[in-house]
Amino acid sequence: MNHPNITELLAIRDGESTSASVHVSTCQICQDELNKIEILVAELCHLHEPQLPEDAWEKIVAKHNNTQPKPPGKPTPLSKVLYALAASVLLVGFITLLSPNKTINTPLVSVLPELKAESRALEHILANYQTNSLELSASQQFKIEKIQWELMLLDQKLSLNNKQNNEKQLEKLWLNRIENLTTLHAIYNNNPEVMLAQSTRNLI
Amino acid sequence: MKENNSLFSQTIEPSLITRAQQGDLTAHEAIFKCYSKATYILALRLCNQKEMAEDVLQNTFIKVIDCIDSFQCQAPFGMWLRKIAVNESLMILRKNRQLPQLVSYEHSDTLNNVIELDLQTKQQHCAIHQYQVQSTLEKTLAQLPAQTRLVLWLKEIEGYSHQEIAELMGKSESFSKSLLSRAFGRLRTCFSRDNNPKSLVEEP
């Protein structure tokens with residue numbers, strides 16, 4: 001009788017029923033083979049435990065602190081673009097408020113195209129990043145994944161609200177989208193300055 | 001997911017998790033003390049390089065600090081943490097895919113120290129024998145291709161199922177089974193060729 005190969009033996013050990021199950025249960029050679037596997041696994045469990053690197057916890061705390069936002073520094077050309085965009089939105093909002101033809105109940109209707117333009121501009125900026133070549137920490141990668149997920153959800157909501165022509169909700173969603181794109185840019189650019197543009201826009 | 005031989009199966013006080021979720025860094029340090037060894041051993045076995053394992057250890061606990069809010073007590077904390085550690089290891093392995101899969105054996109110095117200490121005891125023969133077994137096992141493990149070693153460790157030590165491994169690696173279950181068979185085949189061959197340790201049953 002042919003003995004089963006190691007793949008079959010492992011399957012039988014894991015509780016699977018194969019054509020060789022009956023043979024294995026009565027064959028001493030196969031039982032010995034199973035014993036050898038068990039001994040190998042036991043030896044694997046008792047391998048020498050390596051020593052933890054020195055100051056491991058201190059290094060983690062230091063690395064974690066480095067990934068936190070830094071105090072504001074000198075503005076970069078990219079953050080200047082965002083300042084300009086935020087200022088333009090502020091200006092349009094202001095003009096809309098002062099316009100005699102508009103009622104106070106609909107001051108931000110005309111802001112929607114601006115928000116879309118800002119969102120597109122940000123996306124354009126982000127598209128220029130070679131994300132593969134960026135040195136990102138695990139924490140940053142996690143944040144990016146989270147933002148990308150939120151952006152996907154926002155796009156779904158935007159599509160839904162577009163159909164319903166819900167202006168106020170659309171405005172809120174576009175603002176939210178811009179905030180997420182700005183945060184994403186801040187991570188790529190590693191420049192918390194950019195966050196200022198975002199807070200300026202929130203004043204509108 | 002089984003927990004069998006995993007060092008991650010140890011439990012911690014729920015109050016510690018609550019404190020960590022509230023941002024208490026001493027609670028995070030206590031969690032680190034509890035699971036750092038398990039994380040480092042897992043990372044070292046999967047990545048087979050001290051530098052990579054240290055990166056995995058750091059990134060894992062940074063992620064724990066950042067994301068502990070998302071932990072819900074439905075699953076054991078150790079299993080949640082292990083998932084992060086495995087993902088971090090996979091990420092680092094993928095990132096370093098240009099590295100050769102066969103890497104040098106790193107732990108010989110540490111093992112030599114162990115044997116020197118053990119030889120001072122009365123059970124010299126036992127120590128020598130145990131050293132031989134562990135040494136061969138460590139060497140063989142280190143010489144396995146990365147994917148094979150990963151499947152072996154996750155399946156046999158961490159208690160993952162073939163289905164879970166297949167999902168992690170984006171491959172089929174039969175791929176995982178095939179690599180496990182190869183791993184055992186290789187271990188068996190090395191033991192019968194090099195050491196033939198007494199604890200292992202002779203070849204049929």
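1. In this predicted model, 53 residues of chain B are in contact with 38 residues of chain A, where contact means heavy atoms within 4.5 Å. Together the two chains bury about 4,300 Å², with 70% of it on carbon and sulfur atoms; buried area is the accessible area (1.4 Å probe) that two parts lose on being put together, summed over both.

2. Across this interface the rule finds 5 salt bridges, each a side-chain nitrogen of Lys or Arg within 4 Å of a carboxyl oxygen of Asp or Glu. One of them joins the side chains of Glu33(A) and Arg188(B), at 2.9 Å from N to O.

3. On the side of chain B that touches chain A, the elements giving two or more residues include H2 (25–47), H3 (50–67) and H9 (173–195), helices being DSSP runs (H or I, at least four residues) numbered from the N terminus. The largest share, 11 residues, comes from H3(B).

4. Within chain B, the axes of H2(B) and H7(B) come within 8 Å and cross at roughly 145°; axes are lines fitted to C-alpha atoms, for helices over the stretch in contact, with angles from 0 to 180 degrees between N-to-C directions. Among the residues making this contact are Ile41(B) and Leu42(B) of H2(B), and Trp153(B) and Leu154(B) of H7(B).

5. On conventions, residues are numbered from 1 along each chain as its sequence is written, and chains are lettered from A in the order in which they are written. Local features need pLDDT of at least 70, side-chain atom pairs count only at pLDDT 80 or more, and totals for chains, interfaces and linings use all residues, while side-chain values use heavy atoms, leaving out hydrogens and water.
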